[in-house]
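Trainee: Could we go through this one together before I set anything up?
Mentor: Gladly; let us have the sequence and the model on screen.

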Amino acid sequence: MTTIQITKSGPIKVEGDAQLLDWNGAPYSIPKRPFWLCRCGASTNKPFCDGTHSKIGFQAAEAAVPGSGDKPAR
Ligand code: FES
């Protein structure tokens, strides 16, 4: 099973045996799991998160459950 989790104001966490392909269908080498995908757009190691979201103050909190105190997903 693969789990994809949106982290609060951070990257997308991918757990499980998912394959990550580029636009040509070629797989990325993923040395360890879980892995994190950049959601802020500022990583210098895209598509992977390099921690830059913390330095730039990236804010995003789209909650799956409305009323959880965060902005609801659309
Ligand atoms: S989400 Fe971490 S660098 Fe973009």
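Predicted model: local features only at pLDDT ≥ 70, side-chain atom pairs only at ≥ 80, totals over all residues.

Trainee: How many aromatic pairs does the structure hold?
Mentor: There are two aromatic pairs in the structure. In one of them, the ring centres of Tyr28 and Phe48 lie 5.8 Å apart and the planes meet at 85°, so this pair is edge-to-face, the angle being over the 60 degrees that the term requires.

Trainee: And which parts does that pair tie together?
Mentor: Tyr28 sits in the loop between β2 (12-15) and β3, while Phe48 sits in the loop between β3 and α1 (52-56), so the pair ties together parts that are 20 residues apart in sequence.

Trainee: What about Phe35 and Phe48, what geometry do they have?
Mentor: Phe35 and Phe48 also make an edge-to-face aromatic pair, with 6.1 Å from centre to centre and 75° between the planes. Because Phe35 belongs to strand β3 and Phe48 to the loop between β3 and α1, this pair ties together parts that are 13 residues apart in sequence.

Trainee: Is Phe48 buried or exposed?
Mentor: Phe48 is buried, since its relative accessible area of 15% is under the 20% cut-off. Phe35 is likewise buried, at 6%, whereas Tyr28 counts as partly exposed because its relative accessibility is 30%, which falls between the limits of 20% and 50%.

Trainee: Changing topic, where is Trp36 found?
Mentor: Trp36 is in strand β3, which spans residues 35-37, and it is partly exposed, with a relative accessible area of 34%.

Trainee: Which residues does Trp36 touch, if I skip those up to four places away in sequence?
Mentor: With that exclusion, Trp36 touches Pro11, Ile12, Lys13, Pro47, Phe48 and Cys49. As for Pro11, 25 residues separate it from Trp36 in sequence, yet the C-alpha to C-alpha distance is 5.8 Å.

Notes. Residues numbered from 1 in each chain as written. Heavy atoms only, no water. Helix = DSSP H or I, 4+ residues; strand = E, 2+ residues; numbered from the N terminus. Buried < 20%, exposed > 50% of the residue type's maximum accessible area, 1.4 Å probe, protein only. Contact = heavy atoms within 4.5 Å. Phe/Tyr/Trp six-rings, centres within 6.5 Å; stacked < 30°, edge-to-face > 60°.
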